[in-house]
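Colleague: Please take me through this model, one question at a time.

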Amino acid sequence: MAVVLKGNVVAVKIKEEIISKIAELEKLGKVPNLAILRLGQNTSDISYEMSIIKACDKIGIKSTVYEKEPNLSTEDLIKIMNELNHDNNISGSLLFRPLPK
């Protein structure tokens, strides 16, 4: 027998669980922070970025945008990503494409 899974119901439950976990972190003095790294000013990237920031704000996740030039070298991109990976204030990273050749 098939079971119908309603995506919205699942999404609400997941969001509630995340909010609960974020509240636990805040009690420990920690605030999740998403680093958003974007190369250039592509309008569709910026629109998507704004929706990510809005979603983060709704559940208590801080977001920090790092906008770099679209002609950034691969070496510089790797350096920035390594810095973000080693920053204790960053919980996760979102990297927009296209990437440097």
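Modeller: Contact, or touching, means heavy atoms within 4.5 Å. The model is predicted, so local features need pLDDT of at least 70 and side-chain atom pairs count only at pLDDT 80 or more, while totals for chains, interfaces and linings use all residues. Residues are numbered from 1 along each chain as its sequence is written, and side-chain values use heavy atoms, leaving out hydrogens and water.

Colleague: Is arginine 38 buried or exposed, and what is its relative accessible area?

Modeller: Arginine 38 is found in strand E1 (residues 33-39), strands being DSSP runs of E with at least two residues and helices runs of H or I with at least four, numbered from the N terminus. Leaving aside residues up to four places away in sequence, arginine 38 touches several residues, among them Asp45, Glu49, Tyr66 and Phe96. Arginine 38 is buried (under 20%, against over 50% for exposed and partly exposed in between, with a 1.4 Å probe and protein chains only), its relative accessible area being 4%.

Colleague: How many residues apart in sequence are the parts that the pair of tyrosine 48 and phenylalanine 96 ties together?

Modeller: The structure holds 1 aromatic pair, meaning ring centres of Phe, Tyr or Trp (its six-membered ring) within 6.5 Å, with planes under 30 degrees apart stacked, over 60 edge-to-face and the rest tilted. Tyrosine 48 and phenylalanine 96 are edge-to-face, at 5.9 Å centre to centre and 80° between the planes. Tyrosine 48 is partly exposed at 45%, whereas phenylalanine 96 is buried at 6%. Because tyrosine 48 lies in helix H2 (residues 43-59) and phenylalanine 96 in the segment after strand E3 (92-95), the separation in sequence is 48 residues.
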